[in-house]
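Biologist: I am new to this structure. Could you show me how to read it, feature by feature?

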Amino acid sequence: MTEKRPIWTRSFINISISTFFIFTVFYALLTFLPIYVMNELGGTASQGGMAVSVFLVSAIIMRFFAGMILEKYGKRRILTLSVLMFAVSTIFYVVVDDFALLLGLRFFHGIWFSLMTTVGGAIAADIVPPERRGEGLGYYGIAMNIAIVAGPFIALTLQPFMAARSIFIIFSVIMVIGFFCALAVRVEETAPVLREGKRKLSLHDFLETKAMPIASVGFFVSFVYASIVSFISVYAESLGLLKTASYFFLVYAIAMLVVRPFSGRIFDSRGPHIVIVPSCIMFAIGLFSLSITQSPWMLLLSGALVGLGYGTLLPSFQTLAIQSADKHRSGYATGTFFAFYDTGMAIGTASLGIIAVSLGYANLYLMLAVMVLLIALYYVWIMKGHKQAVE
């Protein structure tokens with residue numbers, strides 16, 4: 001019997017820690033900046049929202065160029081540069097005290113976030129043994145999922161007791177540590193495919209077309225998940241459960257941590273369908289549970305169900321996107337997947353709030369539960385078409 005090659009190498013541990021710190025700061029700023037804009041800069045709630053959205057806009061734009069940049073300059077070099085510039089951008093929050101400058105900084109910051117998260121996923125996929133890629137990327141995804149809890153917790157815990165500049169300094173220290181972890185990552189670079197002569201740019205230079213079908217599934221799932229990230233606290237407040245809402249993502253993270261090791265191994269040994277379809281069903285049940293929630297325990301149960309469902313989908317889709325492409329195109333595949341994913345999140349955040357005003361949050365979550373079941377059918381159809389195309 002062949003011995004399994006290890007996942008938890010030095011480079012894999014360091015890329016995971018660096019990613020965790022980046023997403024922790026990302027979610028901490030996502031939580032803290034609207035408060036900072038209104039309390040410290042005298043801005044409005046809409047301006048606080050702008051400080052969040054302009055970051056996402058630059059990140060989405062950069063996704064379309066990330067694969068080309070990684071192929072030209074190398075993954076390790078771009079990893080080092082992007083984490084360094086993300087850290088430098090974080091430090092600049094300490095001195096920026098004007099809203100217009102803050103928006104410029106947010107746009108600049110989003111560029112490096114986009115590059116780092118693209119190259120980080122590509123490197124993680126390259127480091128883990130191909131036969132354990134589902135399991136390995138599942139573990140890598142834990143770094144992002146735990147940060148959903150850690151970032152807001154740090155921001156909201158510090159905010160009542162510390163000045164804004166001191167909080168930004170703490171975020172900066174976190175990123176400096178993340179940079180040194182990135183420096184310790186080693187990855188075998190794949191030689192770029194040489195192209196003869198000059199030619200016009202095509203879609204292939206910006207996106208991995210082979211990854212687009214599964215990326216489209218990720219788009220719809222992230223559209224739905226935007227309702228959880230953006231509106232769960234508002235919904236909980238309308239139910240008189242705001243105190244319980246602070247534990248929603250904690251329960252979500254615990255549930256995700258419990259299932260992630262098993263789901264990754266099953267993905268590798270028995271294929272993606274047996275993981276993704278039940279996860280979609282579990283995600284839908286969690287959304288339905290939210291729609292009928294009236295008590296604290298129901299809200300927390302919903303968080304656990306969403307964690308069991310959605311928490312497995314993101315790394316599974318990312319793995320399929322990378323597996324669909326040639327090895328030297330892993331950066332393109334990762335960038336393509338997250339371009340679709342981030343766009344779905346941005347559109348969902350903007351549009352679902354408007355829908356919730358008309359339908360109410362309970363009906364919104366009921367509608368989205370049905371949508372997730374339709375997404376599962378769409379996924380099966382996409383994969384069936386892909387299998388026929390291969391054959």
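Modeller: Start with the core. A nonpolar core is a set of buried Ala, Val, Leu, Ile, Met, Phe, Trp, Tyr and Cys residues joined through side-chain atoms within 4.5 Å. Buried means under 20% relative accessible area, exposed over 50%, partly exposed in between, with a 1.4 Å probe and protein chains only. Here the largest nonpolar core has 123 residues. F168, Y225, F283 and L287 have the most contacts inside it.

Modeller: A word on the source. This is a predicted model, where local features need pLDDT of at least 70, side-chain atom pairs count only at pLDDT 80 or more, and totals for chains, interfaces and linings use all residues. Residues are numbered from 1 along each chain as its sequence is written, and side-chain values use heavy atoms, leaving out hydrogens and water.

Biologist: Which residues does F283 touch, beyond those up to four places away in sequence?

Modeller: Contact means heavy atoms within 4.5 Å. F283 touches V221, V224, Y225, L305, V306, G309, Y310, L313 and V372. Y225, one of these partners, is also among the core residues with the most contacts.

Biologist: How many helices and strands does the chain have?

Modeller: Helices (H or I, at least four residues) and strands (E, at least two) are DSSP runs, numbered from the N terminus. This chain has 13 helices and 0 strands. Its radius of gyration, taken over C-alpha atoms, is 20 Å, close to the 21 Å of the globule rule for 391 residues, so the chain is as compact as a globular protein of that length. That rule is 2.2 Å times the number of residues to the power 0.38.

Biologist: What share of the residues is buried?

Modeller: Of the 391 residues, 55% count as buried. Among contacts with a separation of 6 or more, 84% join residues 24 or more positions apart.

Biologist: Where is F219, and what does it contact?

Modeller: F219 sits in helix α7, residues 212-238. Leaving aside neighbours within four places in sequence, F219 contacts F340, T343, G344 and I347.

Biologist: Is S58 buried or exposed?

Modeller: S58 is buried, because its relative accessible area is 1%. S58 belongs to helix α2, residues 45-73. Not counting residues up to four places away in sequence, S58 touches R106, F107, G110 and I111.
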